[in-house]
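Let us read a protein model together, one feature at a time. Please look at the sequence and the structure before the dialogue starts.

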Amino acid sequence: MEDLAQRTDRDLLAAHCAGDADAFGELFKRHKDRMWAVAVRTCRDPELAADAVQDGFISAFRRADSFRGDAQVTTWLHRIIVNACLDRLRRVKPTSELPEYELADRRDEHSSTVVRLDVQEALGKIPEAQRLALTLVDMQGMSVAEAAEVLEVAEGTIKSRCARGRAALAELLVDKHGEGYVR
């Protein structure tokens, strides 16, 4: 019996479809952290992200036979997780605005924390399509082609969404901190 950790993602998915009870567990173990990161960046809410990851992996488990093999298994999982996130976000009904709290003391020495929080805030202000494209390409390190496949749009659409998103982020960050902030 071949060790599960030595098998490729495609082999594991095929084994799962053939009835191997442990194969999908290995896929989950390999990719849960990356999918969690995608979900948190997409939802911007850890609770929604946790639910979306759970929904996504359950969906992938149940629909594994729908994998056509045109892309990598990770790209297929990304698409499922992003769709689960979008489904969760559509269900959220806003109640009332919560007051904003200062999460970091602006006078401290941890400027990277401040920058990270400012970028996260700015990401929340740009259109969802641009945010998703930037998250996949710039934060998750996907190629434009992979991101296009995950979001089911043309590669040119991903390029333009990234360009517009970066410009919007730069403008938001310059407005907040002046020209020296954006490098």
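Q: What should I know about the model before reading it?
A: This is a predicted model, in which local features need pLDDT of at least 70 and side-chain atom pairs count only at pLDDT 80 or more, while totals for chains, interfaces and linings use all residues. Residues are numbered from 1 along each chain as its sequence is written, and side-chain values use heavy atoms, with hydrogens and water left out.

Q: Which residues touch the most other members of the largest nonpolar core?
A: A nonpolar core is a set of buried Ala, Val, Leu, Ile, Met, Phe, Trp, Tyr and Cys residues joined through side-chain atoms within 4.5 Å; buried means under 20% relative accessible area, exposed over 50%, and partly exposed in between, with a 1.4 Å probe and protein chains only. Here the largest such core has 45 residues, and L13, W76 and I158 touch the most other members.

Q: Which helix gives the most to this core?
A: Helices (H or I, at least four residues) are DSSP runs, numbered from the N terminus. In this core α4 gives the most, with nine residues.

Q: What is I158 in contact with, leaving aside its neighbours within four places in sequence?
A: Contact means heavy atoms within 4.5 Å, and with those neighbours left aside, I158 is in contact with A133, V137, V144, A147, A148, L151 and V153.

Q: Is R68 buried or exposed?
A: R68 counts as exposed, because its relative accessibility is 70%. This residue is found in the loop between α3 and α4.

Q: How many salt bridges does the structure hold?
A: A salt bridge is a side-chain nitrogen of Lys or Arg within 4 Å of a carboxyl oxygen of Asp or Glu, and the structure holds 13 of them. In one of these, the side chains of R30 and D9 meet at 2.7 Å, N to O; R30 lies in helix α2 and D9 in helix α1, so the pair ties together parts that are 21 residues apart in sequence. R30 is partly exposed, with a relative accessible area of 29%, whereas D9 is buried, at 17%.

Q: Where do E26 and K29 lie?
A: Both lie in helix α2, three residues apart, which is about one turn of the helix. E26 forms a salt bridge with K29, with the closest N and O atoms 3.5 Å apart; E26 is buried, with a relative accessible area of 11%, while K29 counts as exposed at 54%.

Conventions. Helix = DSSP H or I, 4+ residues; strand = E, 2+ residues; numbered from the N terminus.
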